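Let's take a friendly tour of a protein model, one feature at a time. Have the picture open while you read.

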Amino acid sequence: MKKQNLHTILSLKKEGLPITMLTAYDSSFAKLISESGVEAILVGDSLGMVMQGNSSTVPVTMENMIYHTQCVAKGNQGAFIISDLPYMSYSTPTQTLSNAAKLMQAGANMVKLEGGDWLLETITQLTERGVPVCAHLGLTPQSVDIFGGYKVQGRESKSAEQMLKDAESIEKAGAKMIVFECIPQQLAKAITKQLNIPTIGIGAGKDTDGQVLVLQDMLGLNPGFKPSFVRNFMQDTKTNSIEDAIKLYVSEVKNRNFPTNEHSFN
C-alpha cells in the first residue's frame with residue numbers, strides 16, 4: 001500500500017472507494033495493520049478501556065495519548081494516523097491548539113474531537129493553523145455520563161436534524177472527516193450524501209464512506225464483550241491468524257460485505 005496522506009484519503013471518497021480504519025495503540029499492531037492494507041489508524045482514547053481496563057474513556061490523559069501516538073508512529077508503515085484529543089483536553093480553542101500540536105508532534109496526521117456546533121471556532125482555528133480535524137458525532141463516548149450509558153443516538157427526528165445540521169456546520173468550519181458512532185443507518189446515509197468530506201462509521205451502517213472498529217473487538221480479544229455492530233473477523237478465518245483477520249476486514253469493507261444490517265441500527 002502506498003503511503004497515505006490527507007489527499008489520498010479524501011480522494012477515496014471522490015472515487016467512491018470505501019475507507020478502512022482500525023484502532024492501534026502500540027508499534028507492533030500499527031506495523032501489522034498498516035502492512036495489511038488498512039488506510040487509516042485511529043489512536044483512540046478507547047485505550048482507556050482496552051489497554052487500561054477503565055469503564056470509560058474519561059480517565060485517559062494527554063500524556064497517555066502522546067505516548068501511544070508515538071508508539072504507533074514508530075511502527076506505522078504508511079497508514080494515515082488519527083489521534084484522539086482526550087476528555088477535557090479541548091474545552092477552549094487555546095487549550096485545543098496546544099494539545100493538538102503535541103499530538104501532531106508525536107506523529108499524528110490528524111486530530112479527532114467529539115462534539116457538535118460548540119466546536120466550530122476551534123475547528124476553524126485548527127484548520128487555519130495546518131492541523132487536519134476529524135469530528136465525532138452520534139454516540140460520543142466522552143459524554144457517556146450525560147447520555148446515561150452507551151445508547152444509539154439520532155433516532156428521534158429532532159436529534160437527527162440537529163446531527164445533520166452539526167455535520168454540515170463542521171464541514172464548513174474546515175473539518176476533513178467525521179466519525180459517526182451508533183446512529184441509525186438511514187441517518188448516516190442521508191448525512192453522507194450531503195457532505196463532501198468522508199464519513200466513517202462504527203455502528204452506523206453500510207452507507208458511510210468508510211468503517212472503523214476497535215482492533216481488539218474485531219479480533220474477539222474481549223471475552224464477554226461484543227457490541228452488536230462488531231464482527232469477529234478472527235473466527236471467520238481458517239488460519240486463526242491476526243494478519244489474516246485484518247486482511248479479511250479490509251476485503252469485506254472494500255467489497256461492501258461489512259457491515260450488514262445485522263451490524264446496524266434502524
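How closely do the axes of helix α6 and α8 come, and at what angle do they cross?

## Helices α6 and α8

The axes of α6 (residues 120–128) and α8 come within 8 Å and cross at roughly 30 degrees. That makes α6 roughly parallel to α8; angles under 35 degrees count as roughly parallel, over 145 as roughly antiparallel, 65 to 115 as roughly perpendicular and the rest as oblique. Here, axes are lines fitted to C-alpha atoms, for helices over the stretch in contact, and angles run from 0 to 180 degrees between N-to-C directions. Helices are DSSP runs (H or I, at least four residues), as are strands (E, at least two), and they're numbered from the N terminus.

Before going on, a word on the ground rules: this is a predicted model, where local features need pLDDT of at least 70, side-chain atom pairs count only at pLDDT 80 or more, and totals for chains, interfaces and linings use all residues. Residues are numbered from 1 along each chain as its sequence is written, and side-chain values use heavy atoms, leaving out hydrogens and water.

So who touches whom? On the α6 side, Leu120, Ile123, Thr124 and Thr127 meet Ser169, Ile170 and Ala173 of α8, with contact meaning heavy atoms within 4.5 Å. These residues split into 4 nonpolar, 3 polar and no charged (Ala, Val, Leu, Ile, Met, Phe, Trp, Tyr, Cys and Pro count as nonpolar, Asp, Glu, Lys and Arg as charged, and the others, Gly among them, as polar).

## Helices α8 and α9

From α8, Ala160, Met163, Leu164, Ala167, Glu168 and Glu171 meet Leu187, Ile191 and Gln194 in α9. This contact divides into 6 nonpolar, 1 polar and 2 charged residues.

## An aromatic pair

The structure has 4 aromatic pairs, meaning rings of Phe, Tyr and Trp (its six-membered ring) with centres within 6.5 Å; planes under 30 degrees apart count as stacked, over 60 as edge-to-face and the rest as tilted. Phe233 and Tyr249 have ring centres 5.4 Å apart and planes at 85 degrees, so they're edge-to-face. Both are buried (under 20% relative accessible area; exposed is over 50%, partly exposed in between, with a 1.4 Å probe and protein chains only). Together with Phe258, Phe233 and Tyr249 form one aromatic cluster.

## Val214

Val214 sits in the loop between β8 (210–213) and α10. Val214 is buried, with a relative accessible area of 12%.
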